[in-house]
Amino acid sequence: MNTKLKPQAAPVVADPHEETIRALYMESLHLVERLHRRLLDVIKDEFDRQGRDDVNAVQALLLFNIGNSELTAGELRSRGYYLGSNVSYNVKKLVDLGFINHQRSRIDRRSVRISLTPEGQEIAETVARLYERHIGSIEKVGGIGEGDFAQMNKLLQRLDRFWNDQILYRL
């Protein structure tokens, strides 16, 4: 029987400040992810209440973000309206459903310009009305006021800039 103990690495003493930042950062990441999913749930619920199942929440949000603009799928991504590889899929689906017009650019035949049809505009207006209802009650019901939103937006912009710098400068 071998009674010798194997040497173990000395335990790393973590900086308490860094541990606090780690916990708060991870909580923030979780909240950002959850809030996006919850927003989609809120939009889906609004359409369910209206008995509409012809468009999903991601597509409705995409239509809202296009609004009165005429742009390309690439511009949707670059403006931060929509991220991910499903842009082309959802745009094609919305064209097939009659919510989006698409037309080849006269200047660059490779580029396709998109805009909303009247049916797409109706979906975008449903989302806009939902947001207006929220704006009318969020301070009273949610307890989130002007100063809270200003601070939250400032911090989210700083986090966005930090993440963007991580990508741009490969930090």
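This is a predicted model: local features need pLDDT of at least 70, side-chain atom pairs count only at pLDDT 80 or more; totals for chains, interfaces and linings use all residues.

Reader: Which residues of α4 are buried?

Author: Val87, Asn90, Val91 and Leu94 are buried in α4.

Reader: Why are the buried residues of α4 said to line one face of the helix?

Author: Look down the axis of α4. The buried residues fall within an arc of 100°, so they line one face. An α-helix has 3.6 residues a turn, so residues three or four places apart point the same way.

Reader: What does the face of α4 turned away from the buried side carry?

Author: Exposed residues: Tyr89, Lys92 and Asp96.

Reader: What does arginine 52 touch, leaving aside its neighbours within four places in sequence?

Author: Phe47, Phe99, Glu122 and Ile123. Take Ile123. This residue is 71 residues from arginine 52 along the chain, yet their C-alpha atoms are separated by 10.0 Å.

Reader: Why is threonine 72 called buried?

Author: The same test applies. The relative accessible area of threonine 72 is 14%. The limit is under 20%, so the label holds. Threonine 72 is also a loop residue, placed between α2 and α3. Beyond four places in sequence, threonine 72 touches Ser111, Val112 and Arg113.

Reader: What makes valine 42 partly exposed?

Author: Its relative accessible area is 27%. Buried needs under 20%, and exposed needs over 50%. The value for valine 42 lies in between, so valine 42 is partly exposed.

Reader: Where does valine 42 lie, and what does it contact beyond four places in sequence?

Author: Valine 42 lies in helix α1. Its contacts of that kind are Leu130 and His134.

Reader: Why is α1 called roughly perpendicular to α2?

Author: Two packed helices are described by the angle between their axes and the distance between the axes. The axes of α1 and α2 cross at roughly 95° and come within 8 Å. Angles from 65 to 115 degrees count as roughly perpendicular, so α1 is roughly perpendicular to α2.

Reader: Which residues of α1 and α2 meet?

Author: From α1 come Leu39, Leu40, Ile43, Lys44 and Phe47. From α2 come Ala57, Val58, Ala60 and Leu61. By class, this contact has eight nonpolar residues, no polar and one charged.

Reader: How do you know that α2 is roughly perpendicular to α5?

Author: α2 and α5 pack at about 95°, with their axes 8 Å apart. That angle is within 65 to 115 degrees, so α2 is roughly perpendicular to α5.

Reader: Which residues make the contact of α2 with α5?

Author: Ala60, Leu61, Leu63 and Phe64 in α2 meet Gly120, Ile123, Ala124, Val127, Ala128 and Tyr131 in α5. Nine are nonpolar, one is polar and none is charged.

Reader: Which residues touch the most other members of the largest nonpolar core?

Author: Ile43, Leu63 and Ile66, in a core of 24 residues. The elements giving two or more residues to this core are α1 (16-49), α2 (57-66), α4 (87-96), β2 (112-116) and α5 (118-142). α2 gives the most, with six residues.

Reader: What does leucine 63 touch beyond four places in sequence?

Author: Val55, Leu94, Phe99, Ile100, Leu116, Gly120, Ile123 and Ala124.

Reader: How many helices and strands are in the chain, and what is their pattern?

Author: Six helices and two strands. Along the sequence they read α-α-α-α-β-β-α-α.

Reader: What percentage of the chain is buried?

Author: Buried residues make up 23% of the 171 residues.

Key. Residues are numbered from 1 along each chain as its sequence is written. Side-chain values use heavy atoms; hydrogens and water are left out. A nonpolar core is a set of buried Ala, Val, Leu, Ile, Met, Phe, Trp, Tyr and Cys residues joined through side-chain atoms within 4.5 Å. Buried means under 20% relative accessible area, exposed over 50%, partly exposed in between (1.4 Å probe, protein chains only). Contact means heavy atoms within 4.5 Å. The arc is that of the directions from the helix axis to the C-beta atoms. Axes are lines fitted to C-alpha atoms, for helices over the stretch in contact, and angles run from 0 to 180 degrees between N-to-C directions. Angles under 35 degrees count as roughly parallel, over 145 as roughly antiparallel, 65 to 115 as roughly perpendicular and the rest as oblique. Ala, Val, Leu, Ile, Met, Phe, Trp, Tyr, Cys and Pro count as nonpolar, Asp, Glu, Lys and Arg as charged, and the others, Gly among them, as polar.
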